[in-house]
Amino acid sequence: MVNNNPRGGSSCAVATCTNYSGKIKTSGRIDLSFHRFPKDNTVAKKWQHLCKRGDVWNPKNAYICSDHFTKDDFVRDLKAELLEYEPKIRYLKQNVLPSLNLPLDHAHTPLSESSLNRRNRMNVKHTKQYIEEVVSDHPAVTRRKFAAQNLKCQADRMVTRGKGILPPLKVGDNVLVSIPLVD
């Protein structure tokens, strides 16, 4: 099966950034790289704050793209510089912070498309759960469930009685037609 969705892979965690790893393939941006949050909690919290995200997200699974770092934030690859080619992997120096193309304030920053989609999915999920709880607690639904369970029990008992014609089943005011058993 072919994936027709051009988006895929890692998305940048900065609220206003639209970069994702699939963009490297689709637009040919070989200068774009994605970097995991640091393992050092104090630096990771600073990165998280600089992202200015207004939604709930997990920084342990997040990336920030190279558009938010200066050229000096990367470890120099002397071999690549001497041979004049772009290195395949770029490493960040320890304890650097993203400083370019950052949102000013998450209160005034629109959420990214992926954040909005995630928020909508969560709202739909919570709404469905709430409706299921309310409906299952409603007396009419409880009566219907009880009647359905009672009907199933009656049918099970009649089938196990033996062969022949079953007596009519009565559910509330309704009488169901008797059905002959087939050998």
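Is Cys17 buried or exposed? Cys17 is buried, with a relative accessible area of 11%. Here, buried means under 20% relative accessible area, exposed over 50%, and partly exposed in between (1.4 Å probe, protein chains only).

Before you go on: this is a predicted model, where local features need pLDDT of at least 70, side-chain atom pairs count only at pLDDT 80 or more, and totals for chains, interfaces and linings use all residues. Residues are numbered from 1 along each chain as its sequence is written, and side-chain values use heavy atoms, with hydrogens and water left out.

**Exercise 1.** Find out how many disulfides there are.

*Solution.* 
- Start with the cut-off: a disulfide is a pair of cysteine sulfur atoms within 2.5 Å.
- Searching the whole structure on that basis turns up zero.
- Take Cys12: its nearest cysteine sulfur belongs to Cys17 and is 3.7 Å away, and Cys12 is in no disulfide.
- Now Cys17: the nearest cysteine sulfur is that of Cys65, 3.7 Å away, and again there's no disulfide.
- Cys12 counts as buried, at 7% relative accessibility.

**Exercise 2.** Work out which residues of helix H2 are buried, and what they pack against.

*Solution.* 
- H2 spans residues 41–51; helices (H or I, at least four residues) and strands (E, at least two) are DSSP runs, numbered from the N terminus.
- Val43, Ala44, Trp47 and Cys51 are its buried residues.
- They sit on the same side of H2, because they cover an arc of only 100 degrees around the axis (taken from the directions from the helix axis to the C-beta atoms).
- The buried residues pack against strands E1 (34–36) and E2 (63–65), with contact meaning heavy atoms within 4.5 Å.
- Just after H2, Lys52 takes a positive phi of about 55 degrees.
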